[in-house]
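I kept these notes while looking through a two-chain complex, chain by chain. Each entry records what I looked up and what I found.

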Amino acid sequence: MGILDLTALELGQKIQKKEISVREAAEAALERAQAAEPVINSYVTLDPEGALSQADEIQRKIDAGELTGPLAGVPVAVKDNMCIRGQLTTCSSKILSNFKPVYTAQAVINMKNAGAVILGKTNMDEFAMGSTTETSYYGPTKNPHNTAHVPGGSSGGSCAAVAAQECFGALGSDTGGSIRQPSSFCGVVGMKPTYGTVSRYGLVAYGSSLDQIGPITKDVSDCAAFLEVLASHDPKDSTSIRREDCRFMEALADDVKGMKIGIPRDYMGEGLDGEVKKAVMDAAKVLEEKGAVVEEFDLGLVKYAIPAYYTIASAEASSNLERFDGVKYGYRTAEYEDLHNMYKKTRSEGFGAEVKRRIMLGSFVLSSGYYDAYYLKALRVKALIKKAFDSAFEKYDMILGPAAPTTAPELGSSLSDPLKMYLGDIYTISVNLAGLPGMSVPVGKDSKGLPIGMQLIGNVFQEKKLLRAAYTYECATEKQFERPAHLSGEDGQGTDGAGQSETAKEAHQA
Amino acid sequence: MANRISDETIEYVGILAKLELSDSEKEAAKADMEKMLDYIDTLNELDTTGIEPMSHVFDVSNVFREDIVTNGDDREEMLANAPQHTEDSFKVPRTIG
């Protein structure tokens, strides 16, 4: 088994035991990335030089006994909407094409303090607006399981990078499903924690009341380990929550006896692909056989989540994105007459179509005369949706369903009809409105070989229950991270990037 | 109920959004917005009388902290990000005649 086939925790253990050096791990991931990138395009910025110097520094700290955590030395990727001091942070937009932050996001600082090596910044839908990673100014990311298909979005680059073994785990952000849906499409584990669990300091804001950073990993144990590192109370984010118990790895027990799981009938009906439905129901059966009590129920209000979400998220986006005006950072138009003309031209040239669409809608629903009818109405519906979840969690420990209605669509098939694309968010979006934790776990593939994800939704602060159920499922099915059958940039023989370099070196020596 | 967005409205929203749209972009934006608003209008099927708008899912009030400077002097790096700057300030087109 090559280095790249290890999970983050397995790698961390071998690094502590000195079986693998941090540099070897970073080099293996970088070489895989360099080979895969021309086709997959997971990264906006890959930083080999920086990664190797971090690797040497972390190795020194490990050798000195200063870094003993399970993720010390593990190479990871970061979605390009999280600031890292001195490193390009583009949000996959033209308007931030040359922006180098002067500070680092708290979530990234937490990963660095745990000894993670940051390999680079991953591709995304522009400003996290999209479900396919096709709205990126830097070209679409391809699904490593089938490069004719999208990886999902908006954290498509992070999910594809984990799936293609271009890193050992990644950070994503989730405003309406942007971690869970691409995790489902790419066959990896992704979690959106309870709102306020991970600091948003240094995360470029899209919909501030909905945005949450979370882990994207090869398996459930890695997910728990990453979350344990990411979660922290941060005075720099006024919505950050001080949680009593962040020992998420303790939740990794193979036991769901007596756990009550509800499957919303409204998630399993019209619009759901047959193969996705079967895979998710089979997974529910696995948990039932392990002792969980599984039953169907009516959640209600499901169809109202999308219109409420797009009203609220667009409103917040129109306000958050006002800061991009060509003055303090980013792109500025070449020719202009006066200040206002400069603002308008800069923004019109700097933003892509989907971002402009949402800014326009958001500006409209917040404008006087429409604010009550649209924005406040959506906030009232949000309260009703939260109530529906509250009553579900009086009966159930968690809710189980699909992460998305279908597997990954083909490239180029989604953007022409935005409303249809938005409907793909139907199972993930209400979780953000209610601030709940949700995770996607791979449960199989469809007949085209595209991964299917099961979504587990918990009440606020119940990440541990989700992790326990997901871990139990993994144990019962002996499921392990499945690398794509045919990975571009290699021969598909299971050799990893490091192996190729060995061969090249040997050839040179010969 | 089909929403109709007038030329004046799209012009006004463009000003609020600080976006300059070409004529064809305006037409597309009108069609997009009409379609989205029709969809958002489905929310009116729900009776929300007496329901308080929920902006935050947790019952939290404003969070205060002391305003203590913790960062160093990043002026040069910050100015380096600006499209145009002088030695110590951001440069914008003349705003007062």
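**Overall form of chain A.** I began with the radius of gyration, which is taken over C-alpha atoms and compared with a globule rule of 2.2 Å times the number of residues to the power 0.38. A compact globule of 510 residues would come near 24 Å, and chain A agrees with this at 22 Å. Its C-alpha trace spans about 75 × 65 × 45 Å along the principal axes.

**What I am looking at.** I noted that this is a predicted model, in which local features need pLDDT of at least 70, side-chain atom pairs count only at pLDDT 80 or more, and totals for chains, interfaces and linings use all residues. Residues are numbered from 1 along each chain as its sequence is written, while chains are lettered from A and ligands numbered from 1 in the order in which they are written. The predictor gives the complex an ipTM of 0.95 and a pTM of 0.95.

**Contents of chain A.** I looked up the secondary structure, where helices (H or I, at least four residues) and strands (E, at least two) are DSSP runs numbered from the N terminus, and chain A has 16 helices and 11 strands. I then checked burial: a residue is buried if 20 or more other C-beta atoms, placed from the backbone, lie within 10 Å of its own, exposed if 12 or fewer, and partly exposed in between. Of the 510 residues in chain A, 61% are buried. For contacts, two residues count if their C-beta atoms, placed from the backbone, lie within 7 Å. Among contacts in chain A between residues at least 6 apart in sequence, 76% join residues at least 24 apart.

**Strand S9 of chain A.** I followed S9(A), residues 398-402, and found that five of its five residues are buried. Strands are said to pair if DSSP finds at least two bridges between them. S9(A) runs parallel to strand S7 (residues 260-264) of chain A, to which two bridges join it, and A:Met398 is the bridge partner of A:Ile261 there. With strand S11 (residues 451-458) of chain A, S9(A) pairs in the antiparallel sense over five bridges, and A:Pro402 has A:Met454 as its bridge partner in S11(A).

**Helix H15 of chain A.** I asked myself how far H15(A) reaches from its first C-alpha to its last. The 15 residues of this helix (463-477) reach 21 Å, close to the 21 Å expected at 1.5 Å a residue, where the expected span is 1.5 Å times one less than the number of residues. H15(A) is largely enclosed by the rest of the structure, because 11 of its 15 residues are buried; among them are A:Leu466, A:Leu467 and A:Tyr471. The buried residues pack against helix H7 (220-230), helix H8 (274-289), S9, strand S10 (438-445) and S11 of chain A.

Is A:Glu478 buried or exposed? It counts as exposed, because it has 6 C-beta neighbours inside 10 Å. A:Asn41, in the loop between helix H2 (22-40) and strand S1 (43-46) of chain A, also has a positive phi, near 60 degrees. A:Asn41 counts as buried, because it has 23 C-beta neighbours inside 10 Å.

**A cis peptide bond.** I found one joining A:Gly153 and A:Ser154, with omega at about 10 degrees. A:Ser154 lies in the loop between strand S3 (117-122) and helix H5 (156-163) of chain A.

**Chain B.** I counted three helices and zero strands in chain B. A compact globule of 97 residues would have a radius of gyration near 13 Å, but chain B has 23 Å, and 14% of its residues count as buried. Its average pLDDT, the predictor's confidence in each residue from 0 to 100, is 91.

**Where the chains meet.** The contact takes 38 residues from chain B and 51 residues from chain A. On the side of chain B that touches chain A, H2(B) gives the most, with seven residues.
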